[in-house]
Amino acid sequence: MLVTLRTAVAQAPAQVMAGFTRALFVALAPPFPRLRVVRFDGCRTGDQVEIELDTLVKRLPWTSLITDHGTLPDGTHFFVDEGKTLPPPLRFWRHRHLLEPGPNGTCVIVDALEYRTASPLLDALLYPAMWAQFAWRKPIYRRWFGKA
């Protein structure tokens, strides 16, 4: 299942890329499930991010590896995280972070994620929750990087 959200911010792609820090990662966490950062290496190829999701019933580990990063010819900065250890019911996770140049030195942050469970029906049922988890980020991005 694919989920894509776009957020325009005031800073340029290179500045926004530099702002993808552990502090921003923590700030982007939704209120539920609670998230604890175990490890955050950064957003470059080979970096690893480990979190623990607290569902109030059980703590679930999640490990992602940054599998690619760079700058495209059009000035888009990007990095890709892929899930290696995922909480149930997820079986596949790929999140492309695209920081596209906008007008007048601004940027559009694109969260493009793909996820799968064991069932296309469950994928569809999870879509509203996945969309909401990433829609939560929009005002946070604007606070950190300015409103475009």
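This is a predicted model: local features need pLDDT of at least 70, side-chain atom pairs count only at pLDDT 80 or more; totals for chains, interfaces and linings use all residues.
Local features need pLDDT of at least 70, side-chain atom pairs count only at pLDDT 80 or more, and totals for chains, interfaces and linings use all residues. Residues are numbered from 1 along each chain as its sequence is written, and side-chain values use heavy atoms, without hydrogens and water.

**Sheet.** Seven strands form an open sheet in the order β1-β7-β6-β5-β4-β3-β2, paired antiparallel. Strands (E, at least two residues) and helices (H or I, at least four) are DSSP runs, numbered from the N terminus; a pair needs at least two DSSP bridges. β1 (2-9) and β2 (34-40) are the edges: each has a single partner strand, so one side of each lacks a neighbour in the sheet. Neighbouring strands are turned by 20° against each other on average, direction ignored; axes are lines fitted to C-alpha atoms. Six bridges join β2 to β3 (residues 48-54). Phe 40 has Val 49 in β3 as its bridge partner.

The largest pocket has a volume of about 840 Å³. A pocket is an open set of points on a 1 Å grid over the protein atoms alone, where a 1.4 Å probe fits, with protein on both sides within 12 Å along at least five of seven lines; lining residues have an atom within 4 Å of a point. The volume is the space filled by probe spheres set on the points. Of 36 lining residues, Ile 51, Leu 53, Trp 62, Trp 93 and Gln 133 are closest to the centre. α3 gives the most, five residues.

| Lining class | Residues |
|---|---|
| Nonpolar (Ala, Val, Leu, Ile, Met, Phe, Trp, Tyr, Cys, Pro) | 27 residues |
| Polar (the others, Gly among them) | seven residues |

Key:
Axes are lines fitted to C-alpha atoms, for helices over the stretch in contact, and angles run from 0 to 180 degrees between N-to-C directions.
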